[in-house]
Each structure stands twice: as structure tokens, then as C-alpha cells.
Amino acid sequence: MKFPFPSKRSASLLALSSILALSGCAFATDTNKKPAPVAKAKKVVKPVQGDEFANFSQWGDVSNFIDQMVEKNGFDKRQLQATLNKTHYVDSAIQLMKPAPPGKPKNWAAYRARFVEPVRINAGVAFWNQYADALARAEAQYGVPAEIIVGIIGVETVYGRNTGNFRVMDAITTLAFAYPDTPNRTARMNYFRGELENTLLFARDENIDPFSLLGSYAGAIGWPQFMPGSIRKFAVDFDGNGHIDLRNSPVDAIGSVANFLVKHGWRTGEPTVFPAKVDMTENWQRFIGQGLEAKFTLAEMKAAGVTPLVEPPADMLFGLVDLQNGADASEYWLGAPNFFAITQYNRSFFYAMSVIDLSRAVRAARNP
């Protein structure tokens, strides 16, 4: 599963994240410049150098992990020790995982502006035009509209431009065994140990050097920013060359995004959201914080003071999507099952709505 979108950091960390081209970071725009052709998105990037050799195989937890990999997956112990001893500790990944300090209230309008903007929209049109056949094939095969696939890849990496330059082995190993001191530290380390296992298995399956994999500070890889576990579960060889390569094949990325959404509940032909308003005198707040799932009927939402501004199908289930706008009034939407399928890619209402809004903007720009 894709790692959750990072919260805002301090000014210094935000500067660092922009330099390192992290997954999902805002793309600096210059509206006076035309976007580079999508075909030229691939470029040579210099990996972020880890802070130091950590001799990871000498760590007790790492030694136990190696033994488990030998027993469970048949790795050679000496070779795996040698691999982990080439891995660097990356302090910047640790710093970027630390919880954000208390700050300003969430602001949907500011968040949206980072992703629905001219450079990203124009690049989305170019991407759609270049890969129209693959997008049409994915839509026909999986039932996911081309615009949604375009929206996700645009939000994630600006169509291959910001795929990250951390060595995945460095980032994931560091987070697996030295995660910062947070309330969920144990769970997060277990998660990243699973991703380290998947990194090594994926590299072995594809016969590639695991240190050749570059990605975000959390280890997300390629055009769609899949974590290694998601690559092994949901990525597909959509270009038919016998290999799954989300780093160098936009066509594989297109098919993989569609497959991921289908496996997480996407329903062919159904909408994503409907605008709504709430009656502050009623009991609508009980629908807030009810998880990433559409589970309420339209009738019970209306009875509690939630009124759709566009009438949706009466037989669908919904969740209430609240988009906080700082000091301004929040936006409210009825989220259908397909909206919540997008949140399985990144567990954020802001993220899912930015995908939807970017997809609509690209479609409108492509078909004025």
C-alpha cells in the first residue's frame, strides 16, 4: 500500500523535501514555461547519499530479520549480510517521518492549489495524448476511467518527473530498524520490515540489483509511487515485455494503477463524489470520522441534515467527506465507494479530492 501522504514539516524540512523530490511533494511551477514533453520525463538522478554505513547486519533485530529471510524465503545468509552491510543509514528519512509540530489548521484550498495548477494540468494533457491507447485499454480492461489514472500519476510524480532519489534499500532499512520514537513506532517498524522483505524479493524475482531502486524517503517507487509490497501484489506487466517496471514503463504504471483501484473496490461506471451541504442544527456530525468506507444510506444522511446539491442514486451507500478550509467554511461532499477506493491509495480525503479535481481539469483542458 502506498505510504500515507506526509504532513507539513518545518521550513527547513520542507526545503529539504523539495530538493529531494519526495513522493507527492508540490511541483514548483512557472506558468511562463511550457512543460517538458512527457516522453522526456525520465532523467538520470543522483541518489541521495546515506549518512553512514551502519553495519546493519550487526544489529540484533537485523540479524533476526536475516535469519527469518533465510528460513522463509531461501536467501543465502552471507550474501544477505553483505547486502545489508552495504546499506546506509539515512537520517533525513527519519526526520521526515517525525510527526509535524502543531501548526495551522488544515486548508483544503491551499492543498488543492499545489496539485491543480497549470504545469501539472498541461503535463497531464501531454501524458494522456501520448499514452491514449494504453489508457483506453486500461479503462476497457479494468473499468477505471482514463482521467482517474491520469489524475493519480499526476498527483504522485507529475507524470514521472518527481519519482524520488533515495536508494530504496537505504530508506526502508533505516525506517524498518530505526523508526523515530512515535506512539505507533512498533507497528511502523513492522510495516517497513515487511516492505524490506518485499524489496529483496522483488529484486530477486526481477533479477535486478536492489540498490538500483530509487524512490521516495518512504521507499515508494516509480511513476505511480508504489511501495514494494504493492508492486508485488498489484503491479502488472501492461506493456507485455515480460517484466514489471514502474520506474521506466509508463504503460506498466497505467495498468498497475487501474489494477490497484479495482482490487481496492473500484466499481465500473459509478461516480466518485457529490457536492453537499449540512444543516448545522441537525445531527450530521455523527458521520464525521467514520473511516474510509461508504456505509450510510442516502435516506439516513438526509434525515441527519446532509443535503446533496446534486441528487445521487438512492440505492448507493456514502460517507461524508469534510474538507477543512482553515478559517473559512469547510466543504462537504458525499463520497461514493469509488471515492473511498482512491483513499486506499493514500489515506487522505484531501488526496482523493485532489486526484478527482486534477483529473477533471486535465479532461477539460484536453477537450475544451
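Which residues are buried in helix 2? Select V62, F65, I66, M69 and N73: these are the buried ones, where buried means under 20% relative accessible area with a 1.4 Å probe, counting protein chains only. They cover an arc of only 100° around the axis, so they lie on the same side of helix 2; the arc is taken from the directions from the helix axis to the C-beta atoms. Now turn to the other side of helix 2, where Q68 and E71 are exposed, meaning over 50%.

A word on what you are viewing: this is a predicted model, in which local features need pLDDT of at least 70 and side-chain atom pairs count only at pLDDT 80 or more, while totals for chains, interfaces and linings use all residues. Residues are numbered from 1 along each chain as its sequence is written, and side-chain values use heavy atoms, with hydrogens and water left out.

Next, show helix 3 (77-85), helix 9 (168-178) and helix 10 (185-206): the buried residues of helix 2 pack against them, with contact meaning heavy atoms within 4.5 Å. Then step just past helix 2 to G74, which takes a positive phi of about 75°.

Now jump to the strands; helices (H or I, at least four residues) and strands (E, at least two) are DSSP runs, numbered from the N terminus. Select strand 5 (residues 273-278) and strand 9 (residues 328-335), which pair antiparallel over 4 bridges; pairing requires at least two DSSP bridges. Here P275 stands opposite W333.

G319 has G335 as its bridge partner. In the hairpin of these strands, with 2 residues between them, find G326 and its positive phi near 65°.
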